[in-house]
Amino acid sequence: MQRYCNSGGGYRLKGFFGPFAKDLDRRPSRSRPSFALKSRLPYHWTMTWTTLLPASELHLHLNDPDWAIVDCRFSLDNVERGRNDYLASHIPGAVYAHLDNDLSAPKVPGKTGRHPLPQIPVMTETLSSWGIDARTQVVIYDDATGTMGVRLWWLLNWLGHTSVALLDGGWSEWQRSGLPKRTGMESRPRRQFEPHEVPGIWVTAEQVEEYRKDARYILLDARSTPRFRGELEPIDPVAGHIPGAVSAPCENNVTSEGKFLSRDALCQRFENLVKSVPTENVICYCGSGVTAAHNLFSIAYAGLGLGRLYAGSWSEWITNPSRPIASGDSQAR
């Protein structure tokens, strides 16, 4: 795993069509561009946020038509609670995204996991209805330390839209900051989203069966340690983990206040987990392919690049009784 962006900000300058665009895009920096720099930028430069966004910055853009806010609050225990919470109070201008209905395809019992990836034409229509197109900065939040919101962050990256960020601290941070709220359902004027699928950033169960035996690859399991060990399984009918996987609970990516760890801390965490395995060979999974994206997001935020998602995850893996299952601790890596 090689770090190519040393503690850069969670934003990117884009729109420059000259020879230095790629280098500037990845320049090491611990802060946003100074006003002096921004004042010299040509008109076609825009600033885009690609990982984390502070609440104070979002507050400045509440009335910006090119900023779309998406509320992704959701509870596996009560699938309508997130929508009800949104209706009761949300960030002004936010639309609501339901994990089951908007961010997943229908489950096929005995074949798919609990949250299959949506079909691209269906997801394209959903994003268009939310007023998202190529020039839109998307900001996502939830009330679960980003574990729900990262699903949409990953989906947009998969479809080639990188101008998407998580609100650092989520809904809790917005409330703590005393920032404005609104009630009721909201919508945005329709725009036309054009997908540009990024190939190879998710893998199938068949690929996992092959890669799990190959030392050049590593599987990271984002579920809690007891679920990984097979000591309990509150959701799926079979306990355990994919043989060869390493436990990497996504809860360890955040502080006790629900904010992400520093880039340096996350970089050290994942470098310790995967050692010399290159990021493109890091495959993340969880119970249904949702919270696995929390590890993928954290890897990207740390400046380590983008790994790959096993989209079906554990709930798909166990649909085939011929697939092996392990329990207990993983091998030391």
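The model is predicted. The largest nonpolar core holds 76 residues.

- Strand β6 (residues 137–141) pairs with strand β7 (residues 164–167) in the parallel sense, over three bridges.
- Within this pairing, V138 has V164 in β7 as its bridge partner.

- Two packed helices are described by the angle between their axes and the distance between the axes.
- For helix α7 (residues 149–158) and helix α12 (residues 292–301), the axes come within 8 Å and cross at roughly 65 degrees.
- The crossing of α7 and α12 is left-handed.
- On the α7 side, the residues in contact are V150, R151, W153 and W154; on the α12 side they are A293, H294, L296, F297 and A300.
- By class, this contact comprises seven nonpolar residues, one polar residue and one charged residue.

**The nonpolar cores**

- In the largest nonpolar core, the residues that touch the most other members are L58, W130, L152, W154 and L220.
- Apart from neighbours within four places in sequence, L58 is in contact with L53, W67, I69, I91, V139, L167 and W174.

**Residues with positive phi**

- Most residues other than glycine have a negative phi.
- T145 is not a glycine, yet its phi is positive, at about 50 degrees.
- T145 belongs to the loop between β6 and α7.
- With a relative accessible area of 34%, T145 is partly exposed.
- S313 is also a residue other than glycine with a positive phi, in this case near 55 degrees.
- S313 is located in helix α13 (residues 313–317).
- S313 counts as buried because its relative accessibility is 0%, and the cut-off for buried is under 20%.

Key. Residues numbered from 1 in each chain as written. Predicted model: local features only at pLDDT ≥ 70, side-chain atom pairs only at ≥ 80, totals over all residues. Heavy atoms only, no water. Axes fitted to C-alpha atoms, helices over the stretch in contact; angles between N-to-C directions. Helix = DSSP H or I, 4+ residues; strand = E, 2+ residues; numbered from the N terminus. Left-handed = near helix turned anticlockwise from the far one by under 90°. Contact = heavy atoms within 4.5 Å. Nonpolar A, V, L, I, M, F, W, Y, C, P; charged D, E, K, R; others polar. Pairing = 2+ DSSP bridges. Core = buried A, V, L, I, M, F, W, Y, C linked by side-chain atoms within 4.5 Å. Buried < 20%, exposed > 50% of the residue type's maximum accessible area, 1.4 Å probe, protein only.
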